[in-house]
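Please keep the sequence and the structure in view while reading.

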Amino acid sequence: MATKEAILKEITDKKAVAIIRAQTAEEAIEISEACIEGGVSIIEVTFTVPQATHVIQRLVDKYKENNVVIGAGSVLDPETARVAMLAGAEFIVSPYLNEDTAKISNRYRIPYMPGIMTIKESVNALELGVDILKLFPGDVYDLSIIKSIKGPLPQAQLMPTGGVTVDNVGQWLEAGACAVGLGSSLIKRSSKENYFEIVDRSRQLCAKIQEFKDKQ
């Protein structure tokens, strides 16, 4: 497993996390594979997926030599975080800040990205050693929220999730996001025949991110 610093660098370099939700484990694996084929190599398997640990293990085993990072999302407590880590998850994402999950993630040097909405939550997360703050749900804000938070907290690394699309990803990055999380806007319908549409959207997403990087 890569170091915490290496995983964080991958996330901030690649700038896009694909959030995987599906009705079955096999469907989640297929969606993940489509995203990876399209170039999105940071995959967040949510614990709303049946047999999420099985999905994480399968993906970790398949892509361990391919510079793909597999993490766990919708992690609500430290017990689930530890189960995810034992399955091979290389980062942990939560919809809210949980102190005990932050502590266990720090103990095992796994990046933890909790959802935050306020300056107070942001400060609390930073004090608990969180490196990337998941701005969630992103669709309740406009782009100016990044500047508003980074005004008093310039050290905060923000990853908006929810409301981010292939079309507006460049705007979020230009506003100061260190990375973005995309779920339904990337994977849309989770049917098998939609596989190549997910591949195509993933390629479009990577192209938009590259356009942003080329401007820097």
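Gln57 is found in helix α3, which covers residues 52-63. The model is a predicted one. With a relative accessible area of 37%, Gln57 is partly exposed, because partly exposed stands for values between the 20% limit for buried and the 50% limit for exposed. Between Gln57 and Gly129 there are 72 residues in sequence and 27 Å in space, taken from C-alpha to C-alpha.

Helix α10 takes in residues 195-215, 21 residues in total. From its first C-alpha to its last, α10 reaches 31 Å, close to the 30 Å expected at 1.5 Å a residue. Which residues of α10 are buried? They are Ile198, Val199, Arg201, Ser202, Leu205, Ile209 and Phe212. These residues lie on the same side of α10 because they cover an arc of only 165° around the axis. Phe196, Asp214 and Lys215, on the other side of α10, are exposed. The buried residues of α10 pack against several elements, including the helices α1 (4-14), α2 (25-37) and α8 (169-175). The strands β1 (16-20) and β8 (180-182) are also among the elements they pack against, as is α9 (184-187).

What does Cys35 touch, if residues up to four places away in sequence are not counted? Its partners are Ala18, Ile20, Val40, Ile43, Leu186, Ile187, Ile198 and Ser202. Two of these names, Ile198 and Ser202, also belong to the buried residues of α10.

How many disulfides does a search of the whole structure find? The search finds zero.

| Cysteine | Nearest cysteine sulfur | Distance |
|---|---|---|
| Cys178 | Cys206 | 16 Å |
| Cys206 | Cys35 | 9.4 Å |

Cys178 counts as buried because its relative accessibility is 8%. Cys206 counts as partly exposed, at 26% relative accessibility.

Two further residues sit in other helices. Ser122 lies in helix α6, which spans residues 119-127. Is Ser122 buried or exposed? Ser122 counts as buried because its relative accessibility is 0%. A polar atom of the Ser122 side chain lies 2.8 Å from the backbone oxygen of Thr118. Leaving aside neighbours within four places in sequence, Ser122 is in contact with Ile116, Leu133, Ile149 and Leu153.

Glu10 lies in helix α1, one of the elements against which the buried residues of α10 pack. Glu10 has a relative accessible area of 17% and is therefore buried. With neighbours within four places in sequence left aside, Glu10 is in contact with Lys15, Ile42, Asn67 and Val69.

Terms used. Residues are numbered from 1 along each chain as its sequence is written. This is a predicted model: local features need pLDDT of at least 70, side-chain atom pairs count only at pLDDT 80 or more; totals for chains, interfaces and linings use all residues. Side-chain values use heavy atoms; hydrogens and water are left out. Helices (H or I, at least four residues) and strands (E, at least two) are DSSP runs, numbered from the N terminus. The expected span of a helix is 1.5 Å times one less than its number of residues. Buried means under 20% relative accessible area, exposed over 50%, partly exposed in between (1.4 Å probe, protein chains only). The arc is that of the directions from the helix axis to the C-beta atoms. Contact means heavy atoms within 4.5 Å. A polar contact is a pair of N or O atoms within 3.5 Å; within protein, one must be able to donate a hydrogen and the other to accept it, and residues adjacent in sequence count only if both atoms are side-chain atoms. A disulfide is a pair of cysteine sulfur atoms within 2.5 Å.
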